[in-house]
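Subject: Structure handover

Hi,

Here is the structure for you to look over. My notes on what was found follow below it.

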Amino acid sequence: LNGFQLAICIAGICGNDTARDAYVRALYNFTRLGKGRLLSSRHIHCVQALLRLGIDDGELLGVSWEHIFRALTEVNRLQQLWEVKARSDRKKRADDDTTDSDTSSEVDDANFPLEEEMDKKGIDEANAKAIYGAISLNLVDSIFQRSSYLSRPSLKDFVYQLCRVSRMEISGYGGHVGSDANDIDLTNDHYMKHHTLVSDSTSKVGVGGSQPAIYSLQKLVEVTQFNMESRPRLIFADIWGTISTHLTSTALHEEAAVAMFAVDSLRQLSMQFLNREELGVFEFQRRFLKPLETIMSRSTHVSVKEHLLSSVEQLVLIYGFDEGAESSEKATGGQKRTHQGTLRSGWRSVLLVLGAAGLDNNEAVASQGFQLLSAQIQQCVSICKKGDINVDRPMSLLTEHFVDLVNALLLYVSGQSQNLSSKSLESLMQLSELLAEGRVSVSSTRNKTSTSPSFHNDELELWWPILLGLSKTMGDSR
């Protein structure tokens, strides 16, 4: 094993990727993980050696991270199996009134027969006992925590391979990021049991099994959180492209429960990302929230779209512009908003999501989106009529993203719901009146919302999207 580790390090330092990958693959095969075979002490030592590579020599692994992540998936499955078995044994002894205060020692003294005499369930239980005692959770967690110390190229390989293994787990077979792995059929019963181990351990969890697992997807979210705080935003934006691609494709999965987990992961990451102020004109928020646009426009599940709109509503209430202390405090349940106004360039993605809801065939989705959009408009209108806008520092949705707000309303005008179309026209009339009265700060929106470089009239640049959008609806049969 020491020879394997040294050979892997030498191959990695010399840049011989073929030799390094061959050694890591061989070491993974020696572990017998996922083979349905009984693990002996030498196989456990191979598992420990493989995980030590991830801790000590992660900088040199490159694409070989795949084998370590696959091993971690199987280790997690076996550890869960042992925990479930231990709880089951304790419950059984309690029912028989023969419970001992220290049941773990009784379990450890259990004797398992030879491999030839054991079925798959017995082999899994024996392997779970061996793995649980030899591999600690701290050892596993340290592999993912140390990703924040990897160099930029090594981090890209780390994230890409973690996404790839996650794709294998969810799909049930090998694939790569951006592949057609979503086409696999997963039943709702399969997914609802992803966080526990079924009593019939003949079914495998993870790579190559029929039951989807989300262990690697959960770890991907943790790795993203670690590196979001420790990396400069330019470097983090480099790996976010790979992460967002995987989360987006997972959110478009044909199984609604899998998709909703991915949407919830995006919500958690977005809340952490929006805790920091936007940097100038880089518009990192726009890039970070862009997956929400794709999910809203391409998802086929009503429940996923409703969950996405609820997540967007939460982001707006916490990180949106402070349109009034009293109303914002009431909307957030009396909690003080400590990050109000940090949502800046991300508003464009939010408004595109709300506008896409207006084109949805489901009336409930369209109504939910319009209710959220209308609430923002009414807050802007009330602030403008009170004359509370600070001209020196405009922090209103109306002054920062006027054209995006108009375009979102126009999507509801062209939507299928006649009721929502009429209400959208009324909202457009309100915005037009504010613009005609000069209550919209033209100078603050000119550089961000100019639709044509040939226009020299700042006010006309704001009128143009309204007039153009309404002219396209003149031929509507309704």
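One definition to start with: buried means under 20% relative accessible area, exposed means over 50%, and partly exposed lies in between (1.4 Å probe, protein chains only). By that cut-off, Glu66 counts as buried, at 12% relative accessibility.

This is a predicted model, in which local features need pLDDT of at least 70, side-chain atom pairs count only at pLDDT 80 or more, and totals for chains, interfaces and linings use all residues. Residues are numbered from 1 along each chain as its sequence is written, and side-chain values use heavy atoms, with hydrogens and water left out.

**Confidence**

pLDDT is the predictor's confidence in each residue, from 0 to 100. The chain has a mean pLDDT of 80. Of its residues, 77% reach 70 or more. Confidence is highest in helix α2, at a mean of 95. It is lowest in helix α9 (residues 188-192), at a mean of 34.

Two stretches call for care. Over residues 173-211, pLDDT stays under 50. The model has 85 contacts (heavy atoms within 4.5 Å) for that stretch beyond four places in sequence. Over residues 446-456, pLDDT also stays under 50. There the model has eleven contacts beyond four places in sequence.

**Overall build**

The chain has 22 helices and zero strands. Both are DSSP runs, numbered from the N terminus: helices are H or I with at least four residues, strands are E with at least two. Of the 478 residues, 50% count as buried. Take the contacts with a separation of 6 or more: residues 24 or more positions apart account for 69% of them. The accessible surface comes to about 22,500 Å². Carbon and sulfur atoms hold 50% of that surface. Areas come from the Shrake-Rupley method with a 1.4 Å probe; for residues, only the protein chains shown count as cover.

**Core**

A nonpolar core is a set of buried Ala, Val, Leu, Ile, Met, Phe, Trp, Tyr and Cys residues joined through side-chain atoms within 4.5 Å. The largest one has 111 residues. Leu72, Phe144, Phe158, Val312, Leu373, Leu398 and Phe402 touch the most other members. Leaving out residues up to four places away in sequence, Phe158 touches Trp65, Phe69, Ile143, Phe144, Ser147, Leu150 and Val223.

Ala49 sits in helix α3. Its relative accessible area is 0%, so Ala49 is buried. Beyond four places in sequence, Ala49 touches Leu1, Gln5 and Leu27. Ala49 and Leu27 are 22 residues apart in sequence and 8.4 Å apart in space, C-alpha to C-alpha.

**Salt bridges**

The structure holds 16 salt bridges. The cut-off is a side-chain nitrogen of Lys or Arg within 4 Å of a carboxyl oxygen of Asp or Glu. Here are three of them.

- Arg70 and Glu66 meet at 3.7 Å, N to O. They are four residues apart in helix α4 (residues 65-95), so about one helical turn separates them. Arg70 is partly exposed, at 24%.
- Glu293 and Lys290 meet at 3.8 Å, N to O. Both lie in helix α13, three residues apart, about one turn of the helix. Glu293 counts as buried, at 13% relative accessibility, whereas Lys290 counts as partly exposed, at 43%.
- Arg348 and Asp404 meet at 3.1 Å, N to O. This pair links distant parts of the chain, 56 residues apart: Arg348 is in helix α16 (residues 346-358), Asp404 in helix α19 (residues 402-413). Arg348 is partly exposed, with a relative accessible area of 27%. Asp404 is buried, at 13%.

There is also a network. Salt bridges that share partners join Glu66, Arg70 and Arg164.

**Surface and loops**

Leu234, Leu279 and Phe282 form a nonpolar patch on the surface. Together they have about 300 Å² of accessible area. Patches are made of residues with over 30% relative accessible area and no salt bridge; like charges are joined within 9 Å, nonpolar side chains (Val, Leu, Ile, Met, Phe, Trp, Tyr) within 5 Å. Phe282 lies in the loop between α12 (256-273) and α13 (284-298). Phe282 is partly exposed, at 48% relative accessible area.

Last, Arg32. This residue is in the loop between α2 (17-31) and α3 (41-56). Most residues other than glycine have a negative phi.

Best wishes
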